[in-house]
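Please open the model in a viewer and keep the selection tool at hand.

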Amino acid sequence: MLRIAVPNKGSLSDPAVQLLKEAGYKQRRDPRELVLVDERNKVEFFFLRPRDVAVYVGAGTVDAGITGRDLLIDSGADAVEHLELGFGGSTFRFAAQPGVASSVADIQGKRVATSYPLLVQQHLGGHGVTATVVRLDGAVESSVRLGVADVVADVVSTGTTLRAAGLEIFGDPILTSEAVLIRAQDAPVEEIAILTGRLRGVLTARKFVLVDYDVPGDQLDAAIAVTPGFEAPTVTPLHGSDWHAVRVMVPRVEMNQIMDRLYAVGARAILTTELLAVRV
């Protein structure tokens, strides 16, 4: 039975559970439930603190898990990043009061407050910078004002919180993170392949919609140029006419523009359908 760790709280928890549900796996109804056995799919789920997922996977206690790339790196666990999952995106940046630093080299000899000490230490080490890394569990933006640190390293979305604390972002991003599927070094290959295939199918279905349309034969090449598809469109001649029926997957974000272009080349009866899952 495949053992999978799932974040039990935080920003990654609900999207991870939803992804697994769409992939056909049973998920818990009671948030207090720590272990769930999905007999039908021969999977056992363990709901763990987000920061602990990589530790358990790296130790081989569970075979796979969902966590953030940042948490994986910061854990130092011997786990393998296996698949990007397309949610939980974040960017890690350095910030300080104006004039204190403008590049990572300026951090030399300073104090850096962060909730991700190993990640920051590795980044600084990679740039040949020596600094004192101060570990805090949260609210690192207050550390400079309180005299604990000279620089902070934290997750940045809009930067509003940092600016409110009198700090400005500097230097290149430390890391661009997102939710990832990780696996143990000795995870069972066949079972991981099944899990990976299901998750990839859901991720593809989220990115694409299925489009059906009819097009005259003399405009078929032009229409296919508009909709080359995920791999290739399915083209079927319509009985008793020179028209063709085309079925193809197109990127969801481009759907409306693609429909405009199809109408422009003479396509008709354009129908879009949501994809539930796609095996790729």
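Select Phe230 to begin: its relative accessibility is 36%, so Phe230 counts as partly exposed (between the limits for buried, under 20% relative accessible area, and exposed, over 50%, with a 1.4 Å probe and protein chains only). This is a predicted model, in which local features need pLDDT of at least 70 and side-chain atom pairs count only at pLDDT 80 or more, while totals for chains, interfaces and linings use all residues. Residues are numbered from 1 along each chain as its sequence is written, and side-chain values use heavy atoms, with hydrogens and water left out.

Phe208 is buried, at a relative accessible area of 13%. With Phe230 it forms an edge-to-face aromatic pair, 5.1 Å centre to centre and with 80° between the planes. Rings of Phe, Tyr and Trp (its six-membered ring) pair if their centres lie within 6.5 Å; planes under 30 degrees apart are stacked, over 60 edge-to-face, and the rest tilted. Phe208 belongs to strand S12 (residues 208-216) and Phe230 to the loop between helix H7 (220-226) and strand S13 (234-237), so the pair ties together parts that are 22 residues apart in sequence. Helices (H or I, at least four residues) and strands (E, at least two) are DSSP runs numbered from the N terminus.

How many aromatic pairs does a search of the whole structure find? There are four. For another of them, select Tyr25 and Phe45, an edge-to-face pair at 5.9 Å centre to centre, with 80° between the planes. Tyr25 sits in the loop between H1 and strand S2 (35-38), and Phe45 in strand S3, so this pair ties together parts that are 20 residues apart in sequence. Both Tyr25 and Phe45 are buried.

The criterion is NZ of Lys or CZ of Arg within 6 Å of the ring centre and within 35 degrees of the ring normal. Arg51 lies over the face of Tyr116, also at 4.6 Å from the ring centre.

Next, show helix H6 (189-207). Its buried residues include Leu195, Arg198, Leu199 and Leu203. The 19 residues of H6 should span 27 Å at 1.5 Å a residue, and the end C-alpha atoms are 27 Å apart, which agrees; the expected span is 1.5 Å times one less than the number of residues.

Now turn to the largest nonpolar core, which has 38 residues; Phe45, Leu85, Leu195 and Leu199 have the most contacts inside it. Such a core is a set of buried Ala, Val, Leu, Ile, Met, Phe, Trp, Tyr and Cys residues joined through side-chain atoms within 4.5 Å. Among the elements giving it two or more residues are strand S1 (2-7), helix H1 (13-22) and strand S3 (43-48). A second, separate core of 19 residues includes Ala96, Val104, Leu119 and Val129.

Finally, select Ala139 and Ala269. Ala139, in the loop between strand S8 (132-135) and strand S9 (151-156), has a positive phi of about 50° although it is not a glycine. Ala269, in strand S15 (residues 268-274), has a positive phi near 50°. Ala139 is exposed, with a relative accessible area of 52%, and Ala269 is exposed at 54% relative accessibility. Most residues other than glycine have a negative phi.
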